[in-house]
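Me: I would like to learn how to read a protein model feature by feature. Could you take me through one?
Reply: Gladly; here it is.

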Amino acid sequence: MPQSLSRVVIHVIFSTKDRYPWLDINVRSRMHAYLATVCRDERAEPFRVGGVADHVHLLTTLPRSLSQAEMVEGLKKKSSKWIKELAPEYRKFYWQRGLWSIFGEPKPAECCVGIYREAGGTSSQPYISRRIPRLPEQT
């Protein structure tokens, strides 16, 4: 019987609009949990979800039925809608356009785990963001 197998692991990073610190300590872990749920709903396997007040990191598989753009668009849309319905103070929440990602295999992806530990602190400039170029502005 023919079948298609795929296991692509991606590390995706996207930020809040204008890097505004929307994801305060009160909502951050809930947002991370929600993003993991959206990944599972899309048949992706989230390994880690983390980040700080102005951006998130997701280490997950990419479902073979979705492109990277489709998956990230779904994550952003669903999580944006969710947080806006959570409380009135989040009604102006938006994700920044664009993303940054690394494709890899499960073994190299294991080395990303330390990034989440270092980025999970209270610093507004976490370990990995110092290594990532800013995305060009869309005109």
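Me: Which pattern does the protein follow, read along the sequence?
Reply: First, some ground rules: this is a predicted model, where local features need pLDDT of at least 70 and side-chain atom pairs count only at pLDDT 80 or more, while totals for chains, interfaces and linings use all residues. Residues are numbered from 1 along each chain as its sequence is written, and side-chain values use heavy atoms, with hydrogens and water left out. Helices (H or I, at least four residues) and strands (E, at least two) are DSSP runs, numbered from the N terminus. Here the order is β-α-β-β-α-β-α-α, from four helices and four strands.

Me: What share of the contacts between residues at least 6 apart in sequence join residues at least 24 apart?
Reply: A contact means heavy atoms within 4.5 Å. In this protein the share is 72%.

Me: How are two packed helices described?
Reply: The general idea is to give the angle between their axes and the distance between the axes. The axes are lines fitted to C-alpha atoms, for helices over the stretch in contact, and angles run from 0 to 180 degrees between N-to-C directions. In this case, helix 1 and helix 2 (residues 68-86) pack at about 135°, with axes 10 Å apart. That angle makes helix 1 oblique to helix 2; under 35 degrees counts as roughly parallel, over 145 as roughly antiparallel, 65 to 115 as roughly perpendicular, and the rest as oblique.

Me: Which residues make that contact?
Reply: Helix 1 contributes Arg-30, Met-31, Tyr-34, Leu-35, Val-38 and Cys-39, and helix 2 contributes Met-71, Gly-74, Leu-75, Lys-78, Ser-79, Trp-82, Ile-83 and Leu-86. They divide into 10 nonpolar, two polar and two charged, where Ala, Val, Leu, Ile, Met, Phe, Trp, Tyr, Cys and Pro count as nonpolar, Asp, Glu, Lys and Arg as charged, and the others, Gly among them, as polar.

Me: Is Ala-36 buried or exposed?
Reply: Ala-36 lies in helix 1 and is buried, because its relative accessibility is 10%. Leaving aside neighbours within four places in sequence, Ala-36 is in contact with Pro-46 and Val-49.

Me: What is the phi of Asp-18?
Reply: As background, most residues other than glycine have a negative phi. Asp-18 has a positive phi of about 55°, although it is not a glycine. Asp-18 is in the loop between strand 1 (8-15) and helix 1 (28-41), and is exposed, at 61% relative accessible area. Arg-19 also has a positive phi, near 55°, and sits in the loop between strand 1 and helix 1. Arg-19 is partly exposed, at 22%.

Me: How many residues apart in sequence are Glu-89 and Trp-22?
Reply: They are 67 residues apart in sequence and 9.4 Å apart in space, C-alpha to C-alpha. Glu-89 is in the loop between helix 2 and strand 4 (100-104) and counts as exposed, at 52% relative accessibility.

Terms used: Buried means under 20% relative accessible area, exposed over 50%, partly exposed in between (1.4 Å probe, protein chains only).
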